[in-house]
Amino acid sequence: MRALFDLPFPELMFRAQSVHRDNFDPTAVQISTLLSIKTGGCPEDCAYCPQAARYDTGVRAEKLMAIEAVLAEARAAKSAGASRFCMGAAWRSPKDREVDSVCDMVEAVKALGLETCATLGMLTAEQAQRLKTSGLDYYNHNLDTSPECYEEIITPRTYQDRLDTLDHVRQAGIHVCCGGIVGMGETREDRVGMIATLASLPVHPESVPINMLVRVAGTPLAEQVTQDSATLDPIEFVRTVAVARVCMPRSMVRLSAGREDMSEETQALCFLAGANSIFYGPKLLTTPNPGRDRDRELMERLGLSPMEPTIHPAPRSGEGGPPEGRWKGRGQ
Ligand code: SF4
């Protein structure tokens, strides 16, 4: 995999585009909207996260949103063109009654005709099963970085804890959304390690979000990265997307956090490198994201169109790869 990262850029892009076209319509982009249903006050210490209670970032701890308010946001997301509605809660691991509340939201959002996704922290096998029964389509739980870099970013939970939650989700038959963050001062070797770990999960995640670090004042990484001047070269970000595409041919590779500060040219290169999913809407949990008009205009200029959702049953570990992500693209 290191050899892929090290390829001359045109060679890597050609390979990524070939794999993308073999598996997807390259003009179709899946659109997700992410809502923070429970903001701030998290007991964890993820060094990039403005929602950790221990960092002074100006994010106030809030209670779980009422279901009516979540539904109003879901309706708005649907009428703005989203096909998937993701609900994020800043918990280390939810209590059973909190999972019950989210299950009610999942049922109601699904009834609107949207795919559903949740990210709630670590889950037990029983909680994953309960979410599956409510109709949850996807669960997001990122590996964040390579196993080697991990302890520099998060201390209270181990890499294995994350793999265990992913296993519970997979065993419950929920689609897995799992990726990571680049630009945290990690090495290329770490980026290789992160993609290699994702690609060696028993089944590739159906969605692979690739985030660029958003430096939020008050978080340890904002300070550290500024001191080190370790801002990631945009071309290296595009390379990461391309390697993810080559290594996980049938996964949705999602441009996630960091697009607000990314040039349109870099985003266009990411689409050429095989990215085929974005978060849509002006806010990603607590950080800014390009407005819907800007995204619509960019997609129009690039000749991209929204992908139609088609949910297939999620494969369980050992059952082979996902046939997920068929689209209704142009001319089909
Ligand atoms: S990334 Fe998630 S688990 Fe980590 S501090 Fe933020 S909300 Fe908590």
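**Fold, cavities and buried positions in a predicted model**

Of the 332 residues of the protein chain, 58% count as buried, where buried denotes a relative accessible area under 20%, exposed an area over 50%, and partly exposed the range in between (1.4 Å probe, protein chains only). The model is a predicted one, in which local features need pLDDT of at least 70 and side-chain atom pairs count only at pLDDT 80 or more, while totals for chains, interfaces and linings use all residues. Residues are numbered from 1 along each chain as its sequence is written, and side-chain values use heavy atoms, with hydrogens and water left out.

The protein chain has 11 helices and 12 strands, assigned as DSSP runs (helices H or I, at least four residues; strands E, at least two) and numbered from the N terminus. Among contacts (heavy atoms within 4.5 Å) in the protein chain between residues at least 6 apart in sequence, 75% join residues at least 24 apart. The mean pLDDT of the protein chain, that is, the predictor's confidence in each residue on a scale from 0 to 100, is 89, and 90% of the residues reach 70 or more. Confidence is highest in helix α2 (residues 9–23), at a mean of 98, and lowest in strand β10 (residues 283–284), at 67. Over residues 321–332 pLDDT stays under 50, although the model has 42 contacts beyond four places in sequence for this segment. Where pLDDT is low, the predicted coordinates should not be read in detail.

Grid points are joined across faces, edges and corners, and a volume is the space filled by probe spheres set on the points. The structure holds three cavities of 30 Å³ or more, and the largest cavity has a volume of about 850 Å³. Of the 41 residues that line the largest cavity, Tyr48, Cys49, Gln51, Asn142 and Leu285 are the closest to its centre, and the elements that give two or more residues to this lining are β2 (84–89), β3 (115–119) and β7 (207–212). By class, the lining of the largest cavity divides into 24 nonpolar, 11 polar and six charged residues, with Ala, Val, Leu, Ile, Met, Phe, Trp, Tyr, Cys and Pro counted as nonpolar, Asp, Glu, Lys and Arg as charged, and the others, Gly among them, as polar. The second largest pocket has a volume of about 250 Å³ and is lined by 14 residues, of which Met212, Leu213, Arg215, Thr231 and Asp261 lie nearest its centre. Seven nonpolar, five polar and two charged residues make up the lining of this second largest pocket.

The structure holds zero disulfides, a disulfide being taken as a pair of cysteine sulfur atoms within 2.5 Å. For cysteine 86, which is in no disulfide, the nearest cysteine sulfur is that of cysteine 117, 3.9 Å away; cysteine 177 is likewise in no disulfide, and its nearest cysteine sulfur, that of cysteine 117, lies 5.2 Å away. Cysteine 86 counts as buried because its relative accessibility is 3%, and cysteine 177 counts as buried at 2%. Cysteine 177 is also among the contacts of serine 207, which, leaving aside neighbours within four places in sequence, include Arg84, Tyr138, Met252 and Arg254. Serine 207 is placed in strand β7 and counts as buried, at 0% relative accessibility.

Valine 243, in helix α9 (residues 234–247), is buried, with a relative accessible area of 0%. Beyond its neighbours within four places in sequence, valine 243 is in contact with Met1, Leu4, Phe5, Leu12 and Ile195, and its C-alpha atom is separated by 8.4 Å from that of alanine 273, 30 residues apart along the chain. In helix α10 (residues 264–272), the buried residues are Thr266, Gln267, Ala268, Cys270 and Phe271, and what covers them includes α2, β1 (28–38), α9, β8 (252–255), β9 (277–279) and α11 (292–302). Helix α10 is followed by glycine 274, whose phi is positive, near 110 degrees. Glutamine 224, in helix α8 (residues 220–228), is partly exposed, with a relative accessible area of 35%.

Methods:
On a 1 Å grid over the protein atoms alone, a cavity is a set of points where a 1.4 Å probe fits but cannot get out, and a pocket is an open set with protein on both sides within 12 Å along at least five of seven lines; lining residues have an atom within 4 Å of a point.
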